[in-house]
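Hi everyone, thanks for coming. Let's have a look at this one together.

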Amino acid sequence: MSSAQIEIQLIASLVAIACAIPGTFLVLRKMAMISDAISHSILPGIVIGFFITHDLNSPVLIVLAALTGIITVILVEWIQKTGLVKEDTAIGLVFPALFSIGVILIAKNANDVHLDVDAVLLGELAFAPFDRLLIAGTDVGPKSMWVVGSILLVTISLLIAFFKELKVSTFDAGLSASLGFSPVVIHYGLMTVSSVTTVGAFDAVGAILVVALMIAPAASAYLLTTDLKKMLILAVSFGVFSAISGYWFAHWLDASISGSITTMLGLLFLMVYLFAPTKGLIAVVYREKQQRTEVSLLTFLLHLKNHNEEEERHVNHLREHINWQKVRAKTVLELALKNNMIVIDESIVSLTKKGDAFTSKAIDYIITNEDSQIEDMKDDFFLFRG
């Protein structure tokens, strides 16, 4: 493995970590699409910064681009607060306008400069190792690595220093204000970090991958845990894994590195979306099926409790009168028998003592609707899932 390959993977990993941290809070605050808006609307800031300095590597570009990102957030919130449109509509109005301004400025004034739209949108990690940082004539590595590394160091420092404030303001802005933490200051601080991170990663990976690295790892982690610290760790881990595996996937296919990393992020999210233990699609469908079975069991037990006539308690009654299909009726009977809720004698179904006691408890809950009573019933309900 060559030094260039190592540097590409290192830069991609640093970008992944730097994006995952603010991305986690954006996902939790339901502001995922604001990262897309920032990543596109900072273009005029970059262009104006270049017009002022005539240097694509000037830190002024980062400052002005970050400022443009903050202006984007302010404009989106201002339009949203009018109550005339929702947040997604406001985002769709603001960032195309700002991005278009940047495109027009490039087309009119920077045609002879390597500042084209394709490079801005797509980025190219393969070229990052060739843009070196020289200090006193000494090559200390790719510029992207040092820029993103510096931003990451500041981001981690701010996360450690303001973790409590970020956590409280994210989940309860009212409590944050009552405790003396200004939700507005924290909000715009987060937006500033997001903007600076986006700008720092812009030249190396482009806007599309920045958005993917900010949102996909955090969204995947969100489906796996409800603990903020674990979510941050998972988001960072997913980002780094996708960055490295995406590079080797691109190497194998001889394809775009950024595109391959984004593909790995999508595949990773798809796997988590399908197979997450509690929030995954399969788990949700299975749980809903269990709940439908429990409701059917309770319906059947209540029916037995309220009817003494043999014709009402005959096994065929499930299909003939309650209008259940054969498979559903068989499932209900088998689970009720398995949990010793009923007995069947010559096709006549009767409640056992356990079944009668449970059904009486269920009736009391239905009548009183007291949550405390359902807690005692949960263990019995979980038996049905066996």
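Let's start with a pocket. The residues lining the second largest pocket split into 12 nonpolar, 3 polar and 1 charged. Here Ala, Val, Leu, Ile, Met, Phe, Trp, Tyr, Cys and Pro count as nonpolar, Asp, Glu, Lys and Arg as charged, and the others, Gly among them, as polar. Before I go on: this is a predicted model, where local features need pLDDT of at least 70 and side-chain atom pairs count only at pLDDT 80 or more, while totals for chains, interfaces and linings use all residues. Residues are numbered from 1 along each chain as its sequence is written, and side-chain values use heavy atoms, with hydrogens and water left out.

Back to the pocket. On a 1 Å grid over the protein atoms alone, a pocket is an open set of points where a 1.4 Å probe fits, with protein on both sides within 12 Å along at least five of seven lines, and lining residues have an atom within 4 Å of a point. This one has a volume of about 320 Å³, volume being the space filled by probe spheres set on the points, with grid points joined across faces, edges and corners. Which residues lie nearest the centre of the second largest pocket? They are Phe-162, Leu-166, Ile-186, Gly-189 and Leu-190, out of 16 lining residues. Helix 10 (183–222) gives the most, with 5 residues, and helix 1 (3–28), helix 7 (143–161) and helix 8 (163–171) each supply at least two as well.

Those helices are DSSP runs of H or I, at least four residues long, while strands are runs of E, at least two, and both are numbered from the N terminus. The protein chain comes to 17 helices and 4 strands.

Staying with helix 8, have a look at Ser-169, which lies in it. Ser-169 is buried, at 6% relative accessible area. Buried means under 20%, exposed over 50%, and partly exposed in between, using a 1.4 Å probe and protein chains only. Leaving out neighbours within four places in sequence, Ser-169 is in contact (heavy atoms within 4.5 Å) with Arg-29, Ser-176 and Ile-186. Ser-169 and Arg-29 are 140 residues apart along the chain, yet their C-alpha atoms are separated by 9.4 Å.

Over the protein chain, 45% of the 386 residues count as buried.

Last stop, the rings. How many aromatic pairs does the structure hold? There are 3. Rings of Phe, Tyr and Trp (its six-membered ring) pair if their centres lie within 6.5 Å; planes under 30 degrees apart count as stacked, over 60 as edge-to-face and the rest as tilted. Tyr-247 and Trp-248 have ring centres 5.1 Å apart and planes at 80 degrees, so that pair is edge-to-face. Tyr-247 is buried at 6% relative accessibility, whereas Trp-248 is partly exposed at 33%. For Phe-249 and Trp-252, the centres are 6.1 Å apart and the planes sit at 40 degrees, so this pair is tilted. Those two are 3 residues apart in helix 11 (residues 228–253), which puts about one helical turn between them. Trp-252 is exposed at 67%, and Phe-249 is partly exposed at 26%.

That's my tour, thanks!
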